[in-house]
Amino acid sequence: MASDQNFFHNCLLSLYLIAPPTYISLRFLQAPYGKHRRPGWGPTMSPPLAWFLMESPTLWLTLLLFPSGLHSSNPKALFLIAPFLFHYFHRTCLYPLRLCRNTTNPKTSGGFPVSVALMAFGFNLLNAYLQARWVSQYKDYEADGWFWWRFCFGLVVFGYGMAVNIWSDRVLVGLKKEGKGYKVPKGGWFELVSCPNYYGEIVEWLGWAVMTWSWAGLGFFFYTCANLVPRARANHKWYLEKFGEDYPKGRKAVIPFLY
């Protein structure tokens, strides 16, 4: 038990330590996929397959670890882990299927670097372990008199963020299906920010941090910001450079009205 606690705390510390260098590095160098894909990053693979493989630990590792936890049969723990699994079932299974259905020409859609997929796979191993062990083993449900209040409020925030994220992804994937290159996304949250998909995901994990009320949940939220905010900034700059005067000047990068 003590060795597992030490391992958990070391993993949690690692989550916080990797966030600042991730943010700093992504301010200057974008992961080479999507709009920013470029040669020189080694072999590539199909984007749908990459998304499936690199996100998969959040499902199989969570489901493997959760039953061994002290609170694995506690209804509060089961309710708490459900939104996490729901998000990653969509990201691991449904999103790659949607990419497959809407890719008109695989040769022109671009490959996903295996090196980037492996880094994401490693992060998801770390994060799935932390979230699953916190919810099933280390959270003190009996002493948390505010659990249901925080859970319900956080779930509303999480659900709102996930709805924005899924809707935005559908719009972007739909534009790819047309097979006429990149276009200016329009409608809904795209009228306010260039990357509502990233905005939605940031809001999701803010809701998760509230639901779990934990250093593990807060660390995941911080890392999400460190990863997605610089990429949203780069995407916003890319849109401005590509479309020039045709791109709406009032749009922010990722946070409506602010950034």
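Beyond its neighbours within four places in sequence, Phe-112 touches Tyr-33, Pro-43, Thr-44, Met-45, Pro-47, Ala-50, Trp-51, Met-54 and Ala-117. The model is predicted. Phe-112 sits in strand 2, which spans residues 112–113. Its relative accessible area is 3%, so Phe-112 is buried. His-236 lies 124 residues away from Phe-112 in sequence. In space, the two C-alpha atoms are 21 Å apart.

**Helix 3 and its cover**

Helix 3 runs over residues 57–65. Buried along helix 3 are Pro-57, Thr-58, Leu-59, Leu-61, Thr-62 and Leu-65. What covers these buried residues includes helix 2 (47–55), helix 4 (75–102) and helix 6 (114–138).

Packed helices can be described by two values, the angle between their axes and the distance between those axes. Helix 3 has such values with helix 6 and with helix 4.

The axes of helix 3 and helix 6 come within 9 Å. They cross at roughly 35 degrees. This crossing of helix 3 and helix 6 is right-handed. On the helix 3 side, the contact uses Pro-57, Thr-58, Trp-60, Leu-61, Thr-62 and Leu-65. Helix 6 answers with Phe-121, Asn-124, Leu-125, Ala-128, Tyr-129, Ala-132, Arg-133 and Ser-136. By class, the residues of this contact are nine nonpolar, four polar and one charged.

Helix 4 packs on helix 3 at an angle of about 145 degrees. Here the axes are 8 Å apart. Helix 3 brings Thr-58, Leu-59, Thr-62 and Leu-63 to the contact. From helix 4 come Ile-81, Phe-84, Leu-85, Tyr-88, Phe-89, Thr-92 and Cys-93. The contact of helix 3 with helix 4 holds eight nonpolar residues, three polar and no charged.

**Ser-136**

Ser-136 is placed in helix 6. Apart from neighbours within four places in sequence, Ser-136 is in contact with Leu-65, Phe-66, Gly-69, Leu-70, His-71 and Ser-72.

**The second largest pocket**

Empty space is found by rolling a probe the size of a water molecule over the atoms. The second largest pocket holds about 190 Å³ of space. Its lining has 13 residues, and the closest to the centre are Arg-27, Gln-30, His-36, Ala-234 and Lys-237. Helix 1 (2–28) and helix 9 (215–243) each give at least two residues to the lining. Helix 9 gives the most, with six residues. Sorted by class, the lining of the second largest pocket has six nonpolar, two polar and five charged residues.

Trp-213 has a positive phi and is a residue other than glycine. Phe-257 also has a positive phi and is a residue other than glycine. Trp-213 lies in the loop between helix 8 (196–212) and helix 9. Phe-257 lies in the segment after helix 9.

| Residue | Phi | Relative accessible area |
|---|---|---|
| Trp-213 | near 50 degrees | 53% |
| Phe-257 | near 70 degrees | 65% |

Definitions and conventions:
Residues are numbered from 1 along each chain as its sequence is written. This is a predicted model: local features need pLDDT of at least 70, side-chain atom pairs count only at pLDDT 80 or more; totals for chains, interfaces and linings use all residues. Side-chain values use heavy atoms; hydrogens and water are left out. Buried means under 20% relative accessible area, exposed over 50%, partly exposed in between (1.4 Å probe, protein chains only). Helices (H or I, at least four residues) and strands (E, at least two) are DSSP runs, numbered from the N terminus. Contact means heavy atoms within 4.5 Å. On a 1 Å grid over the protein atoms alone, a cavity is a set of points where a 1.4 Å probe fits but cannot get out, and a pocket is an open set with protein on both sides within 12 Å along at least five of seven lines; lining residues have an atom within 4 Å of a point. Grid points are joined across faces, edges and corners, and a volume is the space filled by probe spheres set on the points. Ala, Val, Leu, Ile, Met, Phe, Trp, Tyr, Cys and Pro count as nonpolar, Asp, Glu, Lys and Arg as charged, and the others, Gly among them, as polar. Axes are lines fitted to C-alpha atoms, for helices over the stretch in contact, and angles run from 0 to 180 degrees between N-to-C directions. A crossing is left-handed if the near helix is turned anticlockwise from the far one by less than a right angle, and right-handed if clockwise.
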